[in-house]
Amino acid sequence: MRINFILSEVWIGLRRNLTMTVAVIVTVAVGMAMLGVGFLITTQVNSMKDYWFDKVEVSVFLCSKNSADPDCKGKGATTAEMETLKTKLESMPEVEGVIFENKAAAYKNFQESSASKTLLEVTTAEDMPESFRVKLKNPDISTPVLQAMTGQPGVSSVVNQRDLLGGFFGLLDALRSASYVLAGVVVIASILLIANTVRLSAFNRRRETGIMRLVGASNLYIQLPFVMEGMIAGLIGSVGAAIMLILAKVFVFEEFQTFLAPGSQLQWDSVAWAIVWTLVIGVAICVVASFVTLRRYLRV
């Protein structure tokens, strides 16, 4: 098999169908970029779930002096009320442990968990509410604790952190699903473009392929230049998608992660795996689409 001849045929095909080839490259790049973003969002969501769901607690916030909460009536929780609440919580079978968090401890945790310099500058320890941090044996079973603490003397509000995280994760899941749907639509468009490009290339070179058949060239020898054209277009498009994913990590995910705890941030190795998968998928789609189209439209 003459490699030089095949490469020259590939170059001729790319040059003759330059507009269609560029369209394929751009479409593959966008489709694989959307697919890669879906991979990154999935990784980010899973990382955040693994990090935060192990730390899910029920927070029982206590009344503070001059509180605007109507249940507090402008009074802070007394020592007797706090002791009663703690005893009641510790006696519940759903509770694994109870930790009292004063204003100083709450402010320290806020400093460690918040990456926003603006919030840190305008917030003081006096702005932090005192609370009981309730660790549950099973984070899925929190209703008894919520019902037992709601409306108790000295209690300002009861918050299940899992509910707060659930809404946030739901938004991320919706974004992930949207990226997959868009990627699927663009991939279908890529397949149609590749099919049309291969058909046009085969039609333009029908005389050459006819001569090759007459001299006894094998099907693989005739088909290989067309398949390589699709592979090259898919490779270039996938490289473009890789560049887009790197830019998305730097300018989108990095900005978003300033509000996340260090243990739940998206790492570069996840980006590398997303790039590898999109590269493989992008090239594979173009090769398979070219091969299938040739079997149907190129009579060899």
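Visitor: What's the strand order in the open sheet, and how do the strands pair?
Guide: In this predicted model, the open sheet has 4 strands in the order E2-E3-E1-E4, and their pairing is antiparallel.

Visitor: Which strands stand at the edges?
Guide: Those are E2 and E4, each of which has a single partner strand, so one side of each is left without a neighbour in the sheet. From one strand to the next, the twist averages 15°.

Visitor: How many bridges join E1 to E4?
Guide: There are 5 bridges between E1 and E4, which run antiparallel, and Ser-59 is found opposite Val-159 in E4.

Visitor: What is Ser-131 in contact with, leaving aside its neighbours within four places in sequence?
Guide: With those neighbours set aside, Ser-131 has contacts with Val-60, Phe-61 and Leu-62, and also with Ile-99, Phe-100 and Glu-101.

Visitor: Switching to helix H3, how many residues does it have, and what does it reach from its first C-alpha to its last?
Guide: Helix H3 covers residues 79-90, so to speak of its span, its 12 residues reach 17 Å from the first C-alpha to the last, close to the 16 Å expected at 1.5 Å a residue.

Visitor: Which residues are buried in H3, and which are exposed on the other side?
Guide: Met-82, Leu-85 and Leu-89 are the buried ones in H3, and because they cover an arc of only 65° around the axis, they are on the same side of the helix. Thr-79, Ala-80, Thr-84 and Thr-87 are exposed on the other side of H3.

Visitor: Why would residues three or four places apart point the same way?
Guide: An α-helix has 3.6 residues a turn, so residues at that spacing point the same way.

Visitor: What covers the buried residues of H3?
Guide: The cover includes the strands E1 (57-62), E2 (95-101), E3 (131-136) and E4 (155-160), together with helix H6 (143-149).

Visitor: New topic: what's in the largest nonpolar core?
Guide: That core has 18 residues, and those with the most contacts inside it are Val-24, Val-28, Met-32, Ile-194 and Leu-294. Two or more residues come from each of the helices H2 (18-52), H7 (161-204), H9 (219-256) and H10 (268-297), with H2 giving the largest share, 6 residues. Apart from this core lies another, of 17 residues, including Ala-77, Met-92, Val-95 and Val-134.

Visitor: And which residues is Leu-294 in contact with?
Guide: Leaving aside neighbours within four places in sequence, Leu-294 contacts Val-198, Gln-223, Phe-226 and Val-227.

Conventions: Residues are numbered from 1 along each chain as its sequence is written. This is a predicted model: local features need pLDDT of at least 70, side-chain atom pairs count only at pLDDT 80 or more; totals for chains, interfaces and linings use all residues. Side-chain values use heavy atoms; hydrogens and water are left out. A nonpolar core is a set of buried Ala, Val, Leu, Ile, Met, Phe, Trp, Tyr and Cys residues joined through side-chain atoms within 4.5 Å. Buried means under 20% relative accessible area, exposed over 50%, partly exposed in between (1.4 Å probe, protein chains only). Contact means heavy atoms within 4.5 Å. The expected span of a helix is 1.5 Å times one less than its number of residues. The arc is that of the directions from the helix axis to the C-beta atoms. Two strands pair if DSSP finds at least two bridges between them. Axes are lines fitted to C-alpha atoms, for helices over the stretch in contact, and angles run from 0 to 180 degrees between N-to-C directions.
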